[in-house]
Amino acid sequence: MATNEPVVVHEDEPQVYDEAETEEAEQVMDESRGPLEESGCTHTDESEEEMEDSVAEDMHRFEQSFKNITQRYRLINRIGEGTFSTVYKAEDLLYDQYENDWNLEEKENSWFSPQSKQRTCRRKPRFVAIKKIYVTSSPMRIFNELDLLHDLRNSPNVCPLITAFRCHDQVIAVLPYFQHRDFRDYFRDMTVSEMRSYFFSLFTAVQAVHEKKIIHRDIKPTNFLYSPTQRRGVLVDFGLAEREGTDWHACNCSYDEKERRHRYQTSHYASMKQQFREAGQAPPPPTYPKEDTRHSRRANRAGTRGFRAPEVLLKCTAQTVQIDVWSCGVILLTLLSRRFPFFHSADDIDAYIELCTIFGRRRMMEAAILHGQVLQTNIPTISESGHSWEKILLWCTNRNKKDGAGLTEEELEAVEFMKCCLELDPLRRITAEEALRHPFILGREGANGESSEAMQLE
Ligand SMILES: Nc1ncnc2c1ncn2[C@@H]1O[C@H](COP(=O)(O)OP(=O)(O)O)[C@@H](O)[C@H]1O
Ligand SMILES: [Mg+2]
Ligand SMILES: [Zn+2]
């Protein structure tokens, strides 16, 4: 970290909060972000382009309440507004007074080319992203985010934390500014080869995070800042991340297959079905106890709708890092289908139904049983065995196999990889480490010999 010394501050201005927002932000166990909630608006050049009055006002207010911040940083623009923070682009005014291990560009330049090192000696502005975490976030949650970022400071493709400051109840995290493009600008026309690079970069980050037994919990395009020209991205936003095993309770999926089968066979549900089968009768429609005395099932569901793994939807109490791999699979599905957001559910039940429509009743029933849940549905659009990915992708991209416009070889290779990520059973789902060795990822350009970093300097 560049410094431990806090910024000298003056009194905060009183602020007004929306109570509903506070409540949502504090329900860590039950929170849900909508897929389009964040404005990950991205400015593609360094110019201080036109800014809305309200943004200028907001920045001014921030500078006033965190007064001496202006001695260290010059705010340039507001670049993101999420559920839990506002992010600003700023110039680091005291850059030359600190060691800047985080500056990979500088490190690489000095490593690869003495000439470019000379170039960087010239005074050029250094940009940072200042993440102003809403004061309504609990201190534990803020600490958690900074603590995990600190643990991940040397992880490839994870945006490192430079430093953090507190002024009364306002905490800011300072990160290197990463030039990237808004996902919505490029998801429609990314080639399969570009997807390879995207996922190589993303899985490099995810693997590093998982190696430290950390679950990100909120992998989605706005939290993976990608630069298509550099073919490189960084993972950000550890606001919902947690260490694997936090709040862990045994779930049906924690037992081995033999034990799981035994538990199922001795369950009330299975024995009731058995009784009716033996009597040669169809089981009656399901009923529910008027007063259910069973404990309600609580599990961490934090994340974003549409990117949640089936085990999260099923409230699995033994969730693992594998939930992140599912979310990566959803991003690939978005790219291949050219539909963003691909899933658009109102709640978890809706989200499960969306998956049932694709995977079919039989497989979703198995997925539910794996976590000790039962699926009952009479929705006519849910078929027994669902639809193939190929068919779905052709529908989404308005192509028809009969017209000879099937998926290309390359696309089929990407679909194979996507299927491994979108495996319903987290125990069988590909791990991030395995993903990096998958033929789809290995086939990326520059994988044999040339490193993408070296290419970028040319
Ligand atoms: N280091 C960074 N460089 C450039 N932009 C960033 C950086 N960090 C965050 N942002 C922008 O701010 C947005 C919100 O940041 P994030 O950490 O995801 O906060 P939140 O928890 O509010 O979602 C991101 O989607 C991105 O557009
Ligand atoms: Mg975010
Ligand atoms: Zn489970």
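The buried residues of helix α16 are covered by elements that include α8 (192-211), α12 (322-337), α15 (389-396) and α18 (439-442). This is a predicted model, in which local features need pLDDT of at least 70, side-chain atom pairs count only at pLDDT 80 or more, and totals for chains, interfaces and linings use all residues. Residues are numbered from 1 along each chain as its sequence is written, while chains are lettered from A and ligands numbered from 1 in the order in which they are written. Helices (H or I, at least four residues) and strands (E, at least two) are DSSP runs, numbered from the N terminus.

**Helix α16**

- Helix α16 comprises residues 409-421, and its 13 residues should span 18 Å at 1.5 Å a residue; the expected span is 1.5 Å times one less than the number of residues. The end C-alpha atoms of α16 are 19 Å apart, which agrees.
- Ala414, Val415, Phe417, Met418 and Cys421 are buried in α16. A residue is buried if 20 or more other C-beta atoms, placed from the backbone, lie within 10 Å of its own, exposed if 12 or fewer, and partly exposed in between.
- These residues cover an arc of only 165° around the axis, so they are on the same side of α16. The arc is that of the directions from the helix axis to the C-beta atoms.
- Leaving aside neighbours within four places in sequence, Cys421 is in contact (C-beta atoms within 7 Å) with residues including Val325, Cys328, Leu332 and Ile430.

**The nonpolar core**

- The largest nonpolar core has 96 residues, and Val128, Ile130, Phe203, Cys328, Leu332, Met418 and Cys421 have the most contacts inside it. Such a core is a set of buried Ala, Val, Leu, Ile, Met, Phe, Trp, Tyr and Cys residues joined through C-beta atoms within 7 Å.
- Helix α12 gives the most to this core, with 10 residues.
- The core lies between domain 1 (43-179) and domain 2 (181-284 + 299-446), because both give residues to it. The domain bounds come from an automatic or database domain assignment.

**Strand β3 and its surroundings**

- Strand β3 (residues 127-133) is largely enclosed by the rest of the structure, because 6 of its 7 residues are buried.
- Strand β2 (residues 85-92) runs antiparallel to β3 and is joined to it by 7 bridges; two strands pair if DSSP finds at least two bridges between them. Val87 stands opposite Lys131 in β3.
- Strand β5 (residues 170-176) pairs with β3 in the antiparallel sense over 6 bridges, and Val128 stands opposite Pro176 in β5.
- Arg126 is found in the loop between α5 (114-121) and β3, and counts as partly exposed, with 18 C-beta neighbours inside 10 Å.

Definitions and conventions. Contact = placed C-beta atoms within 7 Å.
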